[in-house]
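Subject: Handing over a structure

Dear colleague,

I am passing a structure on to you, and below it you will find what was found in it. Please keep it open beside this email as you read.

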Amino acid sequence: MAEQLLGSPVAKTLSERLTGKVAKLVEQGVVPTLAIVRVGEREDDLSYERGALKRAEMVGVAVRKFVLPSDCSQDDLMAVIDEINNDSSIHGCLMFRPLPKTLDEVAACAALDPAKDVDCVTQGSLYGVLANRPVGFAPCTAEACLAILDHYGYDLTGARVTVVGRSLVIGKPVSLMMLTRNATVKICHTRTRDLAEECRNADILVVATGVIGTVGADAVSPGQVVLDVGINWDEKADKLVGDVKYDEVEPIVGAITPVPRGVGSVTTAILCKHVVEAAERANA
């Protein structure tokens, strides 16, 4: 039976560290503050927002919500971003995406100050990930993957890592972050030839395709560490599932993140970590 890499102990440890950092900032008259920008009432956005609010309250991060109707104009959205950029009491901004198709998401992301970009939506943050520089912040979910490995004592130095997925949200940034940690990284995707074989050869397998059942028993090997980043609603099973066929894979591998209760449960703690770090940078 594989070791379950649960997210809650990781998030708890991170939260305990953040509480102390927040207390020090408050002593200096600084309250780390997150702005949440949400357009419309998408249920997945609302669900993540509830989790973020709960985690922020737990560690002492203040939250200001900027909620716009789904039929808002581009000017309305840009005005909100401009307000956040120019408000020194706001240290980080989480803008829910995708935005409605009537809005220019690229322009909205580009308008945000990278110093307040706590979830890697700006080119500045992407550069920070690429160059390993303290510009902006990495995507919260990508960093959550590394936080889980660190918590459970898995060293990336020299490890063979296969990442299945090439998005700017997970696949590409997590690959670069692991490369920086001295892993040997291979990026694959759903059109990779002999995908199962590429997966089997990895010490650590990260699956982030957004496709149910991307990885099954034929794509894993004994002793592997599997991070399932997918969060999908399986209508047939009427439950949340990942990209990995958990019931097939779990008996074979050495360790695996479940869905839910795995990577996703760490992301809000990373979000708060970024807000606190942004506040520290702004007041250094």
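Asp 194 sits in the loop between strand S6 (184-188) and helix H8 (195-200), helices (H or I, at least four residues) and strands (E, at least two) being DSSP runs numbered from the N terminus. Its phi is near 50 degrees, a positive value in a residue other than glycine.

Before going further, please note that this is a predicted model, in which local features need pLDDT of at least 70 and side-chain atom pairs count only at pLDDT 80 or more, while totals for chains, interfaces and linings use all residues. Residues are numbered from 1 along each chain as its sequence is written, and side-chain values use heavy atoms, with hydrogens and water left out.

Cys 120 also has a positive phi, of about 60 degrees, although it is not a glycine. This cysteine lies in the loop between H4 and helix H5 (123-131), and with a relative accessible area of 6% it is buried. Most residues other than glycine have a negative phi, and most peptide bonds are trans.

Two cis peptide bonds can be described next. One joins Arg 97 and Pro 98, with omega about 5 degrees, and Pro 98 is found in the loop between S4 and H4. Another runs from Val 259 to Pro 260, with omega near -5 degrees, and Pro 260 lies in the loop between strand S11 (255-256) and H10.

The structure holds one aromatic pair, a pair being rings of Phe, Tyr and Trp (its six-membered ring) whose centres lie within 6.5 Å, with planes under 30 degrees apart counted as stacked, over 60 as edge-to-face and the rest as tilted. The ring centres of Tyr 48 and Phe 96 are 6.1 Å apart and their planes stand at 90 degrees, so the pair is edge-to-face. It links distant parts of the chain, with Tyr 48 in helix H2 (residues 43-59) and Phe 96 in the loop between strand S4 (92-95) and helix H4 (105-111), 48 residues apart. Tyr 48 is partly exposed, at 24% relative accessible area, whereas Phe 96, at 7%, counts as buried.

Ser 221, in the loop between strand S7 (204-207) and strand S8 (225-228), counts as buried at 17% relative accessibility. Leaving aside neighbours within four places in sequence, Ser 221 is in contact (heavy atoms within 4.5 Å) with Arg 200, Ile 252 and Val 253.

Finally, Leu 240 lies in strand S10 (residues 239-241) and counts as partly exposed, at 35% relative accessibility.

Key. Buried means under 20% relative accessible area, exposed over 50%, partly exposed in between (1.4 Å probe, protein chains only).
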